[in-house]
Amino acid sequence: MLLKIMDENERQEELERILEELANSQEILQNKLNQYVDRITTVYSDPDFRHRYSGFYAKITFIDGDEEGNLDILSQNIRILYEEICKRFREQQIEREVYNGVRKLYDHVNLDIARINYLRGINNKAETLRQEVKETRQMSNFLFRKVQKAEREYIAILGIFAAII
């Protein structure tokens with residue numbers, strides 16, 4: 001494995017590229033798992049590097065809105081990558097700082113995916129409630145017009161009876 005010298009921004013951008021790639025295909029890790037492990041290892045090889053969580057939320061939100069990206073695929077692939085890193089760490093093939101970085105990455109990506117799914121559920125419920133309010137308002141207006149019509153008819157009938165008496 002050839003370690004490339006990267007500054008903090010390049011490391012963050014590389015992680016975000018990896019996330020985007022992992023969201024596009026369920027099969028991507030079948031033939032390229034070692035390449036992704038090497039890329040992740042390169043990113044986290046600097047013990048002072050800390051990824052920026054805010055960048056992940058923005059990228060995951062972008063993936064969610066992208067037709068090619070899929071959060072379920074991303075979650076599945078990040079788990080596979082995490083499990084491989086854990087295995088290699090146990091076998092002492094990977095340094096602790098790489099393992100710790102990937103563990104935090106895995107946790108933050110899944111947290112953001114859960115957050116997006118939760119917000120999607122709230123939005124769906126809000127849309128359902130909006131539709132119910134609209135339907136209730138329409139029914140209320142219909143019933144109000146019907147009551148007004150009935151009042152006019154009752155007044156007309158009372159007028160006829162009053163004229164007779």
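Residues are numbered from 1 along each chain as its sequence is written, and side-chain values use heavy atoms, with hydrogens and water left out. Because the model is predicted, local features need pLDDT of at least 70 and side-chain atom pairs count only at pLDDT 80 or more, while totals for chains, interfaces and linings use all residues.

## Overall fold

The chain has five helices and zero strands. Helices (H or I, at least four residues) and strands (E, at least two) are DSSP runs, numbered from the N terminus. In sequence order the pattern is α-α-α-α-α. The radius of gyration is 30 Å, well over the 15 Å that the globule rule gives for 165 residues, so the chain is more spread out than a compact globule. Here the radius of gyration is taken over C-alpha atoms, and the globule rule is 2.2 Å times the number of residues to the power 0.38. Along the principal axes, the C-alpha atoms fill a box of roughly 105 × 30 × 25 Å.

Of the 165 residues, 30% count as buried. Buried means under 20% relative accessible area, exposed means over 50%, and partly exposed lies in between (1.4 Å probe, protein chains only). The chain exposes about 11,400 Å², and carbon and sulfur atoms supply 52% of that area. Accessible areas come from the Shrake-Rupley method with a 1.4 Å probe; for residues, only the protein chains shown count as cover.

Contacts (heavy atoms within 4.5 Å) can also be sorted by distance along the sequence. Among contacts between residues at least 6 apart in sequence, 78% join residues at least 24 apart.

## The nonpolar core

A nonpolar core is a set of buried Ala, Val, Leu, Ile, Met, Phe, Trp, Tyr and Cys residues joined through side-chain atoms within 4.5 Å. The largest one in this chain has 32 residues, and those with the most contacts inside it are Leu-22, Ile-40, Tyr-44 and Leu-74. The elements that give two or more residues to this core are α1 (8-22), α2 (28-44), α3 (53-65), α4 (71-90) and α5. Helix α2 supplies the largest share, eight residues. Leaving aside residues up to four places away in sequence, Leu-74 touches Leu-19, Leu-22, Ala-23, Ile-60, Ile-63, Val-109 and Ile-113.

## Salt bridges

A salt bridge is a side-chain nitrogen of Lys or Arg within 4 Å of a carboxyl oxygen of Asp or Glu. The count by this rule comes to 11. The table gives three of them.

| Pair | N to O distance |
|---|---|
| Glu-21 and Arg-39 | 2.6 Å |
| Arg-120 and Asp-64 | 2.3 Å |
| Arg-130 and Glu-127 | 2.6 Å |

In the pair Glu-21 and Arg-39, Glu-21 lies in helix α1 and Arg-39 in helix α2, so the bridge ties together parts that are 18 residues apart in sequence. Glu-21 is partly exposed at 26% relative accessibility, and Arg-39 is partly exposed at 22%.

The salt bridge between Arg-120 and Asp-64 links distant parts of the chain, with Arg-120 in helix α5 and Asp-64 in helix α3, 56 residues apart. Arg-120 is partly exposed, with a relative accessible area of 33%, and Asp-64 is partly exposed at 32%.

Arg-130 and Glu-127 both lie in helix α5, three residues apart, about one turn of the helix. Arg-130 is exposed, with a relative accessible area of 52%, whereas Glu-127 is partly exposed at 43%. Salt bridges that share partners also join Glu-14, Arg-17, Glu-21 and Arg-39 into one network.

Arg-130 also gives a sense of distance along the chain. Arg-130 and Ile-78 are 52 residues apart in sequence and 36 Å apart in space, C-alpha to C-alpha.

## A loop and a surface patch

Gln-92 lies in the loop between α4 and α5. Its phi is near 60°, a positive value in a residue other than glycine. Gln-92 counts as exposed, at 73% relative accessibility.

Tyr-154, Ile-157, Ile-160, Phe-161, Ile-164 and Ile-165 make a nonpolar surface patch of about 750 Å². Patches are made of residues with over 30% relative accessible area and no salt bridge; like charges are joined within 9 Å, and nonpolar side chains (Val, Leu, Ile, Met, Phe, Trp, Tyr) within 5 Å. Phe-161, one of the patch residues, lies in helix α5 (residues 96-164).
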